[in-house]
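Trainee: Could you walk me through this model before I start annotating it?
Mentor: Gladly, let us look at it together.

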Amino acid sequence: MTFEDFARKVNGFEKPKVKKHIYESPDKGKTIYRREFNNYKKREKIMEMISLFDYLGRKAGPELGLKVATAAGKAGVMTETRKLNHKGWDGNVNLYPKSFLDLYFKGNLNEGTSGKQLLKG
């Protein structure tokens, strides 16, 4: 007897449905969305990767950058890098999930320094 034969004999029993998802990033990996296969109306944001400059609205500096990178490494947070050629900087910058940066600066994940102190620089 196959699973389908057994399922037909059991009243009200249905074969479990597995939802398939598509992962998309319209901005080359900065933001990642997930939606159900063939459902174009509803998608959910999974992760937004941003730099410290994008998060703070100013240069973070090497000291703060090292502190954040160390905390991300200790926490096992996935990071990425992006090539940046801008006024005064030509090189790679680290990208972190926005949710991690929220925790770091607002949720006391910052090695004993308050978020207000770090944001003021």
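What follows is a chat about the sheet, a helix, a pocket and a few contacts.

Trainee: What should I keep in mind about the model and the numbering?
Mentor: This is a predicted model, in which local features need pLDDT of at least 70, side-chain atom pairs count only at pLDDT 80 or more, and totals for chains, interfaces and linings use all residues. Residues are numbered from 1 along each chain as its sequence is written, and side-chain values use heavy atoms, with hydrogens and water left out.

Trainee: Okay, in what order do the strands of the sheet run?
Mentor: The open sheet has five strands in the order S1-S2-S3-S5-S4, with antiparallel pairing; strands (E, at least two residues) and helices (H or I, at least four) are DSSP runs numbered from the N terminus, and two strands pair if DSSP finds at least two bridges between them. Strand S1 (21-24) and strand S4 (80-86) each have a single partner strand, so one side of each is left without a neighbour in the sheet. On average, neighbouring strands of this sheet are turned by 25° against each other, direction ignored, where axes are lines fitted to C-alpha atoms (for helices over the stretch in contact) and angles run from 0 to 180 degrees between N-to-C directions.

Trainee: And how many bridges join S4 and S5?
Mentor: Seven bridges, in the antiparallel sense, and Leu84 stands opposite Gly91 in S5. Their hairpin has two residues between the strands, and Gly88 there takes a positive phi near 80°.

Trainee: What about S3 with S5?
Mentor: Strand S3 (residues 44-50) and strand S5 (residues 89-97) pair over two bridges; Ile50 stands opposite Tyr96, and Met49 has Pro97 as its bridge partner.

Trainee: Which helix lies across those two?
Mentor: Helix H4 (residues 98-106) does, running at about 85° to S5. Within helix H4, Phe100 and Tyr104 are four residues apart, about one turn of the helix.

Trainee: How many aromatic pairs turn up in the whole structure?
Mentor: The search finds four, a pair being rings of Phe, Tyr and Trp (its six-membered ring) with centres within 6.5 Å, and planes under 30 degrees apart counting as stacked, over 60 as edge-to-face and the rest as tilted. The ring centres of Phe100 and Tyr104 are 6.2 Å apart and the planes stand at 40°, so the pair is tilted.

Trainee: Switching topic, what does Phe37 touch?
Mentor: Phe37 sits in the loop between strand S2 (31-36) and S3. Neighbours within four places in sequence aside, Phe37 is in contact with Lys20, His21 and Ile22, contact meaning heavy atoms within 4.5 Å. The C-alpha atoms of Phe37 and Lys20 are separated by 5.5 Å, although 17 residues lie along the chain from one to the other.

Trainee: Last one, which element gives the largest share of the lining of the largest pocket?
Mentor: That is S5, with five residues. By class, the lining has 10 nonpolar, seven polar and four charged residues, where Ala, Val, Leu, Ile, Met, Phe, Trp, Tyr, Cys and Pro count as nonpolar, Asp, Glu, Lys and Arg as charged, and the others, Gly among them, as polar.
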